[in-house]
Amino acid sequence: MNFDIKTELVDDAYVIALAGEVDLYTAPEFKQQLLEVIAQGASNVIVDFSNTTFIYSTTLGVLVGGVKRLRTNDGQLTLVCSDRNITKIFEITGLDRVFSIYSSREDAVAAIDKELPTSA
């Protein structure tokens, strides 16, 4: 399966949806997209792994770099992943304690919406 990446603004979060394998060759494209979104001022980023079949260790490095950049601006990086093989990678590495991981995009967006301050 080929790699595909799509970015869209959903409510107050940028969603980067990845499809296929995010490996040594495709992770740089993901990193570039993530950095562009952060440079545009995004404070809430959701990375959607729903259609991802494989992630390589380089992908984890991209995510950790992104969360560090976002945290300097009081932002957050949230993950969507329903594939047990991929969520297991986050558990084994301890990154499940760094990222909020949701099983659906709707749940991730709803969680961000709850955390946003409401105006009186």
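Colleague: How many aromatic pairs does a search of the whole structure find?

Modeller: The search finds two aromatic pairs; rings of Phe, Tyr and Trp (its six-membered ring) pair if their centres lie within 6.5 Å. Bear in mind that this is a predicted model, where local features need pLDDT of at least 70, side-chain atom pairs count only at pLDDT 80 or more, and totals for chains, interfaces and linings use all residues. Residues are numbered from 1 along each chain as its sequence is written, and side-chain values use heavy atoms, with hydrogens and water left out.

Colleague: Why is the pair of phenylalanine 49 and phenylalanine 90 called tilted?

Modeller: A pair of aromatic rings is described by the distance of the centres and the angle of the planes. Planes under 30 degrees apart count as stacked, over 60 as edge-to-face and the rest as tilted. Phenylalanine 49 and phenylalanine 90 have 50° between the planes and 6.1 Å centre to centre, a tilted pair.

Colleague: What makes this pair a tie between parts of the chain?

Modeller: Phenylalanine 49 sits in strand β3 (residues 44–55) and phenylalanine 90 in helix α3 (residues 84–93), so the pair ties together parts 41 residues apart in sequence. Helices (H or I, at least four residues) and strands (E, at least two) are DSSP runs, numbered from the N terminus.

Colleague: And why is the pair of phenylalanine 90 and phenylalanine 99 edge-to-face?

Modeller: Their planes are at 80° and their ring centres 6.3 Å apart, so this pair is edge-to-face.

Colleague: What makes aspartate 74 exposed?

Modeller: Its relative accessible area is 74%, so aspartate 74 is exposed. Aspartate 74 is found in the loop between α2 and β4 (76–80), and its phi is near 55°, a positive value in a residue other than glycine. Aspartate 11, in the loop between β1 (4–10) and β2 (13–22), has a positive phi of about 55° although it is not a glycine.

Colleague: At what angle do helix α1 and helix α2 pack?

Modeller: Helix α1 (residues 27–39) and helix α2 (residues 57–71) pack at about 10°, with axes 9 Å apart. That makes α1 roughly parallel to α2, since angles under 35 degrees count as roughly parallel, over 145 as roughly antiparallel, 65 to 115 as roughly perpendicular and the rest as oblique. The contact (heavy atoms within 4.5 Å) includes Phe30 and Leu34 of α1 and Val62 and Leu63 of α2.

Key
Axes fitted to C-alpha atoms, helices over the stretch in contact; angles between N-to-C directions. Buried < 20%, exposed > 50% of the residue type's maximum accessible area, 1.4 Å probe, protein only.
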